[in-house]
Amino acid sequence: MKPIKVGLLGMGTVGSGTFNVLKRNQEEIQRRAGRGIEIAMVADLDVARAQALVGEGVQVVGDARAVIANPEIDIVIELIGGYGIAKALVMEAIAAGKHVVTANKALLAVHGTEIFAAAQAKGVMVAFEAAVAGGIPIIKALREGLTANSIQWVAGIINGTTNFILSEMRDKGLDFADVLKEAQRLGYAEADPTFDIEGVDAAHKVTLMSAIAFGIPVQFDKAYVEGITKLGAADIKYAEQLGYRIKLLGITKRTAQGIELRVHPSLVPTQRLIANVEGAMNAVMVQGDAVGTTLYYGKGAGSEPTASAVIADLVDITRLHTADPLNRVPHLAFQPGSMSSLAVLPMSEVVTSYYLRLRVADQAGVLAKVTGLLADAGISIDAVLQREADQVSQADENQTDVIILTHDTREGTLNDVLAQMQALPTVMAPIVRIRKEELN
Ligand code: HSE
């Protein structure tokens, strides 16, 4: 059988990894797919550089639309990124009847509903394993491997840049800004790291996992997003003393009231495997009613790890592209006519537990006042720690840090209590609040 022909848009790090791995492992990939997979055309703004990477046997063009217009091409790989031209090209490729493989989490998290509907109407597939956690086959696991389960929650370290920064902060006792500079120098963080450090990249990824886990539309606009820029070395140290590590988690959970969809720093018990995922690595935990807890670990970025996911999608499409569209795996795991309208909950309705750090005047009755406010709101305390605060001036001498771990409570209830605590004259600095996930 003739090879299936692929057009690749964007010959960057992942594009060249995809080309190289396909070439290196072509014989085994063909035996798995049932026919050859050939990158027949590449589009990149830097034609000469791309041509040098792929050699003379592959046609390289500067205009991505020339790839989409080529009737020989069956599958278009979009590796341009972003919402702009990438969206136009994906929609045009679908309209031209091409299957699409993309690593573009931002595009799918924001415009996924429109893109999947267009693909459904045209009878083509949009595959996106590489969009979440790079080389870890988490989309495959959620869409297919765990299909028997009612999934209860998904929680993941799905951004390598921030996990690297948090690992360094803990190892070296440094504050966020110092580690960020070092991460940029070493190439672990982008020159503009905003999407990573503000939690946006992780929110794109958890939005996609939420849709697949619960059969709801992709709703990035409903996600609660908080990054790691305000974390200090002191809180990482205190968390450690209480038996926790701080990780940036993407969490989505099914509750009786609706779906939780959130990204924020979280205390995780040190004894959980996921708490020990360090450096730029990624890991995702999935809790299903039948399987129990499962954990997926690996590289969440990089040329060949991400290429591994792109090529897995190429093989899936090659195997399925002659199948009746009704017999393919649905884009979001659930049949398009059977999506759920379960609402994504506002953050105030989320129920979780908390780490609080208060810089207080070291006087009689201060702790009683603070814990009294929690008691009045029905919030139960799990642990309390008092530590001599790092003093920044003579005036701070009679101040101390009080760290409180709470049991589960509704976030809206805690917010009201925090406002009352903050107003106490003996609370000397903004209260630090970090959410805590037991993940058991
Ligand atoms: N910038 C991402 C990370 C990789 O740091 O994990 C691509 O999503």
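Predicted model: local features only at pLDDT ≥ 70, side-chain atom pairs only at ≥ 80, totals over all residues.
1. Leu439 counts as buried, because its relative accessibility is 9% and the cut-off for buried is under 20%. You'll find Leu439 in the segment after strand S17, which covers 432-436. Take a look at the backbone here too: phi is positive, about 50°, although Leu439 is not a glycine.

2. Ala133 is another one to check by eye. Its phi is positive as well, at about 60°, and Ala133 is not a glycine either. Ala133 sits in the loop between S6 and helix H7 (138-145). Is Ala133 buried or exposed? Buried, with a relative accessible area of 0%.

3. Now for helix H6, residues 105-122. With 18 residues, a straight helix at 1.5 Å a residue would reach 26 Å, but the end C-alpha atoms of H6 are only 22 Å apart. Where does H6 bend? Go to His111: the bend there is about 90°.

4. Both ends of H6 deserve a quick look. At the start, Asn104 points a side-chain oxygen to within 3.4 Å of the backbone nitrogen of Ala106. Just after the helix comes Gly123, with a positive phi of about 75°.

5. On to the ligand. Which residues are around it? They are Lys105, Asn159, Gly160, Thr161, Asp196, Asp201, Lys205 and Ala301.

6. For Asn159, a polar side-chain atom lies 3.4 Å from an oxygen atom of the ligand. For Asp201, the distance from a side-chain N or O atom to a ligand oxygen is 3.2 Å. As for cover, the ligand taken alone exposes 260 Å², and the protein buries 81% of that.

7. Last stop: Gln51, in helix H3 (residues 47-54). Why does Gln51 count as buried? Because its relative accessibility is 17%, and buried means under 20%. Leaving aside neighbours within four places in sequence, Gln51 is in contact with Glu56, Val58 and Val60.

Methods:
Residues numbered from 1 in each chain as written. Heavy atoms only, no water. Helix = DSSP H or I, 4+ residues; strand = E, 2+ residues; numbered from the N terminus. Expected span 1.5 Å × (residues − 1). Bend = angle between axes of the 7 residues up to and from the residue. Polar contact = N/O pair within 3.5 Å; in protein donor to acceptor, adjacent residues only side chain to side chain. Near = heavy atom within 4 Å. Areas by Shrake-Rupley, 256 points an atom, 1.4 Å probe, with all protein chains shown as cover. Buried < 20%, exposed > 50% of the residue type's maximum accessible area, 1.4 Å probe, protein only. Contact = heavy atoms within 4.5 Å.
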